[in-house]
Amino acid sequence: YVRFLQQAMKEWCRRQDLPRDPEKYSCWVSHISALRRRHCRDSWMLDALRAKNPGTMESPINRSANPGSMLVAAMVALLSDGKRMDQTQLSRLAASAVATTHGAPEVWHSGAVLANVLAGILAEEDLPMKELFLRAIETVELQFPKTEMLATKLKEILDASREDPQSVME
């Protein structure tokens, strides 16, 4: 699964340098015209995608904590369809996918939270967003060591959103 995502990202990365016709690509990402028009401004991500070996959580490729990595976490959630795997599997898969291009652990954990929230929306669309976030935070906290700071910050944001939603968005 992670290798499939890596292939899609690598083919999209090649598109950044070589403007070719979409039929020259074998991956679905390159056949979507809206994605072919987008250009990456995250040089860490492009460097990681051009590397011979992708990063892993055990062997990070860099120390990047850039939010560009959240795209792959969202892809994991959408491909999971919200029902194909439990939260622990989804968290591990999202974190592993994010680690292919971004090496900072806090980004892996953020990706795991995002994937769980998006999968939760797909699975239980009527559940309040705060409940989805709290479930996701709890799953990631239990699964990955050293996520207390991220969990605390996300919970603070959730609490503040009740009082002043506009400042939280900013």
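Figure 1. One cavity of 30 Å³ or more is counted, where a cavity is a set of points on a 1 Å grid over the protein atoms alone at which a 1.4 Å probe fits but cannot get out. The largest cavity holds about 30 Å³ of space, a volume being the space filled by probe spheres set on points joined across faces, edges and corners. This is a predicted model, in which local features need pLDDT of at least 70 and side-chain atom pairs count only at pLDDT 80 or more, while totals for chains, interfaces and linings use all residues. Residues are numbered from 1 along each chain as its sequence is written, and side-chain values use heavy atoms, without hydrogens and water.

**Figure 2. Lining of the largest cavity.** Gln6, Met9, Lys10, Ala48, Leu49, Pro54, Thr100 and Thr101 line the largest cavity, each with an atom within 4 Å of a point. Two or more lining residues come from each of α1 and α3, helices being DSSP runs (H or I, at least four residues) numbered from the N terminus. With three residues, α1 gives the most.

**Figure 3. The largest nonpolar core.** This core has 36 residues, and Val76 and Val113 have the most contacts inside it. A nonpolar core joins buried Ala, Val, Leu, Ile, Met, Phe, Trp, Tyr and Cys residues through side-chain atoms within 4.5 Å; buried means under 20% relative accessible area (1.4 Å probe, protein chains only).

**Figure 4. Surroundings of Val113.** Beyond its neighbours within four places in sequence, Val113 is in contact with Phe133, Ala136, Ile137, Val140 and Leu154, contact meaning heavy atoms within 4.5 Å.

Definitions and conventions: Buried < 20%, exposed > 50% of the residue type's maximum accessible area, 1.4 Å probe, protein only. 1 Å grid on protein atoms, 1.4 Å probe; cavity = no way out; pocket = protein on both sides within 12 Å on 5 of 7 lines; lining within 4 Å.
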